[in-house]
Amino acid sequence: MGNTLQHLNIDSDHCVAVENASDTRPILIIPYMWIGDFVRGHSVVRVLNQRFPKRPVDLLTTSLCAPLLDYMPGVRAGIVWDLPRGRLSLARQFGLAAELRARNYATALVLPRTWKSAIAPALAGIPERIGFVGEARFGLINHWRWGEKALPRFLDKNAALALPDGATRPAEWPVPQLRVPPEDVKRFRQTRGLGQNTAVALAPGSVGSSKRWTYYPQAAKLLAGRGIDVWVVGGPGEKAMAAEIVAAGGARVHDLTGTDLRNGILAMAAASVAVSNDSGLMHIAAALGTPTVGIFGPTSPYLWAPINGLAATVQTRTSVPCQPCHRPVCTMNDHRCMRDIPASDVAETVADVLAGTSAGAPH
């Protein structure tokens, strides 16, 4: 990417230089394919949109994450290509390379540091392949970025790839955005028979069992007792938990879990408040602008909270020396970092957010 600066483009508090404003060559982003990380990757899209207003930006995506692209401004298209986790699958890589070659990309930003993620762009002969040093990807990546360890947060690691070498990082990165048309939200409520009542969306799932708070049924009962509708949002893996939550909360609680991520996006857009573990749905809700309460145990809110910010963060009041451990399964202290967060704390925090009295700090 060229370094000739033509003028400055100011987006709120975010300042990114516009360069080569007449450049129309397409750019491909290969993001992380976990839902939350995929949402965070929209900051990279926004940085590129600011730097190169006329260069179209496409994203490689999985079938699972593809619905997010319908609501991401600044993305021209998604390339749905499911590569199996844990395997190179060279036949699929060659097929993807042929698809990329046909689209004539000039630049590929490879966000993951894995060898596997860089194979198809290299096979496609994309001239500029940008990524951090990782897994001896010599020849696969030809424009290296160094200094990753000096970047403390996942956000910085992603968005820094979208800037030229040596560029000064902005004081704040552009935050991810997901935009759902109001008519889609209205239609979602109508077709689901949800009415127009105040509703709190609960997202009890997550990747990694240690990040799952288990008192959602009790919280649903408390919220329903306050006259608040409660929606349970998630994938097929949350069906059993949703049934338990509905049974505990009564008629005001609705099971909205399903197989299509679009359903979760619309539910989070329609909700008055979202309550979530550290999960992809937490990032979706925050990027939609829905006030979001994040429940954190083994992971650090500083490192993994949505870039957009949370309406409130709930953590245990108990001193747990091993917190945060960032482990997928608890091996110490009997999961006290989550077990010692009572349902009443979450219900009171939701009430504060609905009343507009939440300070947004850890509860």
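1. The largest cavity in this predicted model has a volume of about 100 Å³. Among its 15 lining residues, those closest to the centre are Cys322, Cys325, Cys330, Met332 and Cys337. The structure holds 1 cavity of 30 Å³ or more.

2. The lining of the largest cavity is made up of 7 nonpolar, 6 polar and 2 charged residues.

3. Turning to the open spaces, the largest pocket has a volume of about 860 Å³. It is lined by 38 residues, and Trp34, Ser206, Val207, Ser279 and Gly280 are the closest to its centre.

4. Three helices each give at least two residues to the lining of the largest pocket: H1 (35-40), H10 (261-270) and H11 (280-288). H1 provides the largest share, with 4 residues. Sorted by class, the lining of this largest pocket has 17 polar, 12 nonpolar and 9 charged residues.

5. The second largest pocket contains about 480 Å³ of space. Its lining has 19 residues, of which Met33, Arg85, Thr114, Lys116 and Ser117 are the closest to the centre.

6. Helix H4 (90-103) and helix H5 (115-123) are the elements that supply two or more residues to the lining of the second largest pocket. The largest share comes from H5, at 4 residues. By class, this lining divides into 12 nonpolar, 5 polar and 2 charged residues.

Definitions and conventions:
Residues numbered from 1 in each chain as written. Predicted model: local features only at pLDDT ≥ 70, side-chain atom pairs only at ≥ 80, totals over all residues. Heavy atoms only, no water. 1 Å grid on protein atoms, 1.4 Å probe; cavity = no way out; pocket = protein on both sides within 12 Å on 5 of 7 lines; lining within 4 Å. Points joined across faces, edges and corners; volume = space filled by probe spheres on them. Nonpolar A, V, L, I, M, F, W, Y, C, P; charged D, E, K, R; others polar.
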